[in-house]
Structure formats: C-alpha cells, structure tokens
Amino acid sequence: MSKRIVVDPITRIEGHLRIEVVVDDNNVITDAFSSSTLWRGLETIIKGRDPRDAGFIAGRICGVCTYSHYKAGITAVENALGIEIPYNAKLVRTLMNLALFFHDHIVHFYTLHGLDWCDIISALSANPAKAAKLAFDYTDTPLAAGENELKLVQQRVKDFAGKGSLGPFANGYWGHSTYRFTPEQNLIVLSHYLKLLEIQREAAKMMAIFGAKQPHPQSLTVGGITSIMDILDPTRLAEYKFKFETVADFVNRAYYPDLIMAGMEYSKEPSVIAGCNLKNFLSFQEMQVGYNEYLLDSGYVLDGNINNPQEVNLDLIAEEVTHSWYKYEGKHSDGKEIKPTDALHPYDGQTTPDYIGMQDGMSIGPSGKDEKTKLLKTDSKYSWIKSPRYDGKPMEVGPLASIVVGLAKKNPHIQEAAEAFLKRTGLSTEHLFSTLGRTAARGLEAKVLAEYGLKAFDELVKNLKTDTTTCAPYVIDNNKDYKGYYIGNVPRGMLSHWVRISGGKVSNYQAVVPSTWNAGPRDSKGQKGPYEMSLIGTKIANLTQPLEIIRHIHSFDPCIACAVHVMDTKGNELGEYKVEPAFARF
C-alpha cells in the first residue's frame, strides 16, 4: 500500500519549498511533487516603471543571487534599446560575476549541502592525526587540515555538544545509513565548513570592490557601469586580484579535494548515484573573458547524448501554468483565445495568481505513523512556480547542465576539469548523471573559474591602457515600442529576463529563473520537472528521516524566490493568499 511523505519546508535553501512523495511497500518513491508555497510577484511590481529601474527592482527577487537578477534586468533593457555597452563595462561585470559564482558555490557545498554528505557527530570521534595524514590523499597541499587545526575544530564542536546543543548542526539525521565518510573524513569536511565562514567574507568583498556593496550591489546602470574610479585605481585592482586568489586557493585546496573524497566514497551509495532521471540539459554562455571568449557555452543536450549538442533557439522557450497557481487570460497575438493549458513565450507571459488551496489528507509524520495534514491538490494546481519548457520539453539547468553542454561542445576548460575529476575518482561520464555528479559539477565549474577567471582581469588592465570608457548614453524614444532580453548562466543555471517597453515605461516583464526550470510542476502532458524526476525510483532507508530526498533536492541548490506583498499606489493590498503548511521537518 502506498504512503505519502511530506517534507515542508525544505530547509537550508533560499525561499519556501515543499516536497511530497509517494512511496510503495518497499519505500521506493513512485511519484513526486514539487511546490513553492509563497508567491514572488516581482514582475508585477516592475510593470509601469522607468526601464532604468528594472534591474534595481529585479535584484530584490532574491537576497542570495542579487547581482544575477540586477545584471539581467539592466542587460534586458540594454538589449531592448539596442545599447552596446563599452568593453570595460563587460569585463567589470564579469569580475563581479566571478565573485558571485565563487560565493554561491562554496556556500552551497558547505553551508547548504555539505551536511547531506558529512556526519557531524561522527567527526567527534575522529583521530585528528589520522585525519591530517588522510587529507594528503586528496591534495598535495591541504588547507585547514593540519593536526592541530583539526583538534581545535573538533573541540569547538564538542563544546557545543557538551552544552546540550549542536548550534548550527542541530536537528540533523546524524548516523543515517547512507552517510559514507569515515570519522576522519567527516572531520576534514567539518574543518572546511568552518573555514568557509572566513573565506565567504572575502568573496563578498570581491563583489563590493566594483559593486559598492554586497548584497545588492549598485554600480550597474543601463549603458555600462559607474565604478570608474575603482577600476582606474591600481590599489583597488590589486585588492580584487588578491581576494580572487584567496578564494581560488580555497576552491583548489579545500572544495575540490572534498569533492574528490566524496566521489570516491559515495560511488557505491545507490541513492547518490541516482537522482537524474531527466537527462535533458540546457545552458547558455557566460563569463566573458575576451572579445569573443566565454568560459561557459550555450547549447542543449537531449537524453544525455553529449555527442549531439544543439544550438539554443530563444523562440522555443515558453511557460505553462496548468499545474501552477496562476491563470492565463486573453488572446494570442493572432487573435485566438488563450487556453488554460497553453504555453506562453516570456515576452507575452502573464503573472495572474489563481490559488485554489490545499486538501485534507494523511501523510507519515515524524513518529512514523500516519497523521492528518494538508496535502497538495496534485491533480490540479499545486505550486507558485510555472513550468518552463524548451520546444515542449522539460530541461535541467545548472552547473551539471553547464558541464554536460561544455563536454558536448568540447569546451577545452570544461573537458580538462571534468576528465581530471573522473580519472582521479575512478568515476565514468555516466556517473555525472546523478546527484553525486550534480554536486561535483558545481565544484568543477568553480574550479574552471578559479583557473581561468583572471583572464578577464588581465584583459581589463590591458584595455584600460588605451580606453577608459565605461558607459554608453541612454537613448529612448517614448513613441516607440521595444522588446529585449537577457539570457545567460548564473550560479544555479540558465536565467532569462524578458522586457517590453511602451511609452517609455515597462509594459511587461518576465523572469524565467533557474529554479523555475528545475522546480516547476508537471505540465499539461504530464511531463515532470527535474526536481520531481530526480526523486523517482529512490529508496528511502528510513521514512522518518528522508535524507535521500533532502540530498537530491539540495544538489540543485534551490533558490525559491522570496514572497512579496503586492500593493497599489495607495498602499492597499491587491490580494491575500494563505498557504497551509504541513508539519516542519529537518
């Protein structure tokens, strides 16, 4: 007899996410549903504004990827108005982007996802001397892994435990049967977890050097950048380079070795080698380091066939709301009525809420017994996330897509990093199509940026010798209609912003974010999104401790955008929506 498990909220992510799964008598997941439980609504707020405001408002979509949406909003308007920004501005935007990618990837692996791999309680019984020696198995120059350092780390956490609290490590599924690290390996990861608290500060400072602050940098403008005094100051340039090298050192001597260790130790854990049933991948070029040179490629791959990469056609991107708490109304451009199951291109996208509530039901509680709870209406609408499709197909975006597309396009930097990792761990290319592979891909992307990101810095220094231009003029005809877009890759995958401008104001705005592609519900054809597909077939060792679910979902680094109150110009609320959660777990 099938049973239902509800994990709500999924913690250690940005925003609010609920996962419901159905398991059979063998505790194998047979169906899964992904639901964002709070509404974002930023597109609605941007409408009617001066186009130059779009980036600043879009940057508030999230408190983590602030720069991603900021740059996307600015670039979409530049594209609409036909503004070509100076080369210096392009390179500075890359340098700021590198800071964001570094910060996001290292924080994800340790703070958000690391505890899915590392058993903190196990680390308390480790032998620090043995752990220090073991660290050399994964790198010739271990960071924060000396015997004395490991002793101090171990003692700090033991002090937490001795007081009856594990602080930030409380409420974990410690001792779970799917953990694979030895006590010494857990201690190494724990040490890097704490070291990260220091390193992530340096990554944030990298952003602030050219962005004025972090989060929510403010040095981009439609036409270029405003931080000209910083890029002309040798001291500021040197400061950026030093911080880049500090963070890159952590990537090479801590993050990457820990991924090698995980690849070796988790290669025989079935729940980790699973987690990628949908093998359609979509990515877009990013990280300009030369006039026509980017570190990340554009393209898509279907059914895991890396021998047949395809080029992206932007006209084939569309979003459905069949199972989303929105509704489409009106007519298509050809005069035909829009059907509830139609997919709309983002230029014509709508963000009209249509929340239908939840229903009474039963699910397994923390005690292991069935309990009354509120369940999603999975045969109808059940999420605030839309269902993006490329040519009618669900696609995974993110670092795994970036690596897969890079391999398919024979990107030399991606090939070098991926092949070295697979050879070192004894894994095959097929192992990339898994939760382990998805987690490793994020680190491989970080390593590529650490190795080659400073090409943009060197190019900027070279170009400034003959050209100090940083901004193009803002020109708009209020009597004309415009449309434009930004599309590229951000830390969680392919992001696109789409804008229409009429009468000098934004008339429509849509953001198709990475977690929309990955976390969206099934479509009118019954095709599941990547989150839902990743869970199918996974065997849960302990139904009251569904670590396998958490690990699969965390590997995508979910960024479910924060909810906002949408009000009119007089401060009146336009709508109120109450979502009834189940019980909190993990």
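Reader: Where does S122 lie?

Author: S122 lies in helix 5, residues 120–123, where helices are DSSP runs of H or I with at least four residues and strands are runs of E with at least two, numbered from the N terminus. This is a predicted model, in which local features need pLDDT of at least 70 and side-chain atom pairs pLDDT 80 or more, while totals for chains, interfaces and linings use all residues. Residues are numbered from 1 along each chain as its sequence is written, and side-chain values use heavy atoms, leaving out hydrogens and water.

Reader: Is S122 buried or exposed?

Author: S122 counts as buried because its relative accessibility is 16%; buried means under 20% relative accessible area, exposed over 50%, and partly exposed in between, with a 1.4 Å probe and protein chains only.

Reader: And which residues does S122 touch?

Author: Leaving aside residues up to four places away in sequence, S122 touches T182, P183 and N186, a contact being heavy atoms within 4.5 Å.

Reader: Switching to strands, how do strand 2 and strand 3 pair?

Author: Strand 2 (residues 17–23) and strand 3 pair in the antiparallel sense over 7 bridges, and pairing requires that DSSP finds at least two bridges between two strands. Within this pairing, V22 has D31 in strand 3 as its bridge partner.

Reader: What about the hairpin there, which residue takes a positive phi?

Author: That is N27, with phi near 65 degrees, in a hairpin that has 5 residues between the strands.

Reader: Why is strand 3 largely enclosed?

Author: Strand 3 (residues 29–36) is largely enclosed by the rest of the structure because 6 of its 8 residues are buried.
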